[in-house]
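Subject: Structure for your review

Dear colleague,

Please find below the structure that I am handing over to you, together with its sequence.

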Amino acid sequence: MNESSSAIKTPIRYESAIDLWLLMLLMLSPVVAAVIGVYLILEGRPGDASLLFLVGAATLFVQGIFVVPCRYTILEDAVSIRCGILCYQIPIAEIQTIEKSSSLKSAPALSLRRVRIQTAKRDYLISPKDRDGFIATIKQMAKLE
């Protein structure tokens, strides 16, 4: 076993960076539903308010399923991307390039401060808090320049 493969024995976890504007956007629908629900209760329409509270809670639940947890784990031979129920494994050997990005494409990322991982099959966009550390670790493991 060579030194580079023995250097990463335990998984290294990187949490996703979170943009405040995106967090506010995700919370907009449940908060608006709750505010209107309170107004409807004050207007004497508890049935309508209950429906709005239910819609707000359902929206929050569905968003949570697809967003929490959002993290990236560097394993011995792969990068694991986890965002809610979505999970991808990128073999380190298949990584061709890794670079900083600010693409607006849909991705398992909670920030626009992103990292683009390119393989022969596709590109992956992620947003680890420590972009520079993440990129340096992958470059070292994949033996990229």
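Let us begin with a single residue. Thr119 is part of strand β6. Please bear in mind that the model is a predicted one. The relative accessible area of Thr119 is 6%, and buried means under 20%, so Thr119 counts as buried. Which residues is Thr119 in contact with, leaving aside its neighbours within four places in sequence? They are Ile90, Glu94, Ile95, Gln96 and Tyr124.

The strand around this residue may be considered next. Strand β6 covers residues 114-119, and five of its six residues are buried. The strand is therefore largely enclosed by the rest of the structure.

Strand β6 has pairing partners that you can trace in the model. Strand β5, which covers residues 95-101, pairs with β6 in the antiparallel sense over six bridges. Strand β7, residues 123-126, also pairs with β6 in the antiparallel sense, over four bridges. Between β6 and β7 there are three residues, and the two strands form a hairpin.

In β6, Arg116 stands opposite Glu99. In β7, Leu125 is the bridge partner of Arg116.

I now turn to the chain as a whole. The chain contains four helices and seven strands. Starting at the N terminus, the order of the elements is α-β-α-α-β-β-β-β-β-β-α. Why is the chain described as more spread out than a compact globule? Its radius of gyration is 20 Å, whereas the globule rule gives 15 Å for 145 residues; the value is well over the rule, and the chain is therefore more spread out than a compact globule. The C-alpha trace spans about 70 × 25 × 25 Å along the principal axes of the chain.

Some further totals complete the description. Of the 145 residues in the chain, 35% are buried. Among the contacts in the chain with a separation of 6 or more, 49% are between residues 24 or more positions apart. The accessible surface of the chain is about 8900 Å², and carbon and sulfur atoms account for 62% of this surface.

Yours sincerely,

A colleague

Notes
Residues are numbered from 1 along each chain as its sequence is written. This is a predicted model: local features need pLDDT of at least 70, side-chain atom pairs count only at pLDDT 80 or more; totals for chains, interfaces and linings use all residues. Side-chain values use heavy atoms; hydrogens and water are left out. Buried means under 20% relative accessible area, exposed over 50%, partly exposed in between (1.4 Å probe, protein chains only). Two strands pair if DSSP finds at least two bridges between them. The radius of gyration is taken over C-alpha atoms; the globule rule is 2.2 Å times the number of residues to the power 0.38. Contact means heavy atoms within 4.5 Å. Accessible areas come from the Shrake-Rupley method with a 1.4 Å probe; for residues, only the protein chains shown count as cover.
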